[in-house]
Protein chains: 2
Amino acid sequence: MLTAKSSPSPVPGTRQRIVDASAELFGRNGYTATGIKAILSASDAPFGSLYHFFPGGKEELGAEAIRVAGGTYLALVKAFFGGSANVVDATRSFFEGAAAMIEATDYADACPIATVALEVASVSEPMRRACAEAFRSWLDELEKHFREAGIDESSSHGLAVELFCAIEGAFLLSRATRDPSPVLIAGRACVASVEAALRNESAR
Amino acid sequence: MLTAKSSPSPVPGTRQRIVDASAELFGRNGYTATGIKAILSASDAPFGSLYHFFPGGKEELGAEAIRVAGGTYLALVKAFFGGSANVVDATRSFFEGAAAMIEATDYADACPIATVALEVASVSEPMRRACAEAFRSWLDELEKHFREAGIDESSSHGLAVELFCAIEGAFLLSRATRDPSPVLIAGRACVASVEAALRNESAR
DNA sequence: AGCCGACTAGATAGATCGCTCTAGCAATAT
DNA sequence: ATATTGCTAGAGCGATCTATCTAGTCGGCT
């Protein structure tokens, strides 16, 4: 079941190329709007390979793409919140980085999962679960860092959810208005919430 | 160009039936996943009528559906924030109502525009603009009520954006996880922010 | 009555959709 | 050497997509 490592190929291997292209296209254009053929031509793979690796077809591929994209974003969260010892600074730079990125990609790449998540929420149970699992992994990571900063468990969970909602909503608003400022405004609100939670803790 | 009022028909008129069905289906299943035929059969209208009223085809219909859905939600915001004299209570009951609704519709109907907005943001400029305009109308309405509560303009704008992001992000998370609690958590955070803004104002 | 614009009605075109199918290649196992 | 396995390769199927087209109905106006 391991990915073929028999030949140390410079190309990432067909299966991974397919998944990577899927994650990118699904994230940018949505699940329904992205056709199988577009994925195959983007990943330079033949039809047969797709259904060899993903007998479940587009839906199975979609679920896997969500898992990969979720892992990529989780690594991003870890990089921001694990690198900085200060959760307030981490929160601030996370939102500022997000604002810079969404502007740099011309409002195309924000959350790689959000569009798909909304599309499939009431339609595909396996894909919905994959989205829920990805979101949960982000929330767990955030919550962990808040707890490590001395914030109690309940508040840490609330902060993680609040931060998630703020950035996802801000991505939506920014993409629709082609304006990065919602991300910055949401970021400032989150920074204030994190600071307030830390104050509550130390004043205890 | 007026909508035909010549006959006081009990049925809402073909054009409106098409738009209403579109708004509902687009909101629930997304833009790409909703076919023209599904809209026509849901609104009990023939092919010809659609292209008579919307020569621009699906895209023009989509933009109109966004406008209608945007207006419906604007009325909802007005009902909550105009009815209550207290912005804190309004904020709280708004989120609680949202949580109850998303659960009651089995996580199918949350924001009627969000899915479409993400789908078309980088694809259809007229639809993107319609989404931006709808969002802006909600934000303006929220901001107005915060200003009327005595909060300064800059903070009112920030609060409106914060509230928007919180509920949109919470809708996304709730639909993906099939759990209403994110909406409630986000609501509590917003209530706290509104209270803090009011305190700042009175302490000035 | 006769006309005309608004609207209904649906067959059909042409493209694209996800997917299946058979055939063949390359490397390993026997 | 031969069989087996893992993967490549793409033609093509039936279904479905959006949109166009022609024809016909209906109500109000002159």
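In which loop is the place of A:Asp44?

A: A:Asp44 lies in the loop between helix H2 (36-43) and H3 of chain A. Helices here are DSSP runs of H or I with at least four residues, while strands are E runs of at least two, and both are numbered from the N terminus. This is a predicted model, in which local features need pLDDT of at least 70, side-chain atom pairs count only at pLDDT 80 or more, and totals for chains, interfaces and linings use all residues. Residues are numbered from 1 along each chain as its sequence is written, and chains are lettered from A and ligands numbered from 1 in the order in which they are written.

The backbone of A:Asp44 deserves attention. Most residues other than glycine have a negative phi. The phi of A:Asp44, however, is positive, near 55°. A:Asp44 counts as exposed because it has 11 C-beta neighbours inside 10 Å.

B:Arg178 counts as partly exposed because it has 16 C-beta neighbours inside 10 Å.

Helix H3 (47-53) of chain A leads on to the DNA. H3(A) gives the most to the surface near DNA strand D, namely four residues; "near" requires a C-beta atom, placed from the backbone, within 6 Å of the strand. Helix H2 (36-43) and helix H3 (47-53) of chain B each supply at least two residues of this surface as well.

A:Ala189, in helix H9 (residues 181-202) of chain A, is buried because 25 other C-beta atoms lie within 10 Å. Leaving out residues up to four places away in sequence, A:Ala189 touches A:Ala166, B:Gly158, B:Glu162 and B:Ser193; contact means that the C-beta atoms of two residues, placed from the backbone, lie within 7 Å. A:Ala189 and A:Leu163 are 26 residues apart in sequence, and their C-alpha atoms are 9.1 Å apart in space.

Note on methods
Buried ≥ 20, exposed ≤ 12 C-beta atoms within 10 Å, placed from the backbone.
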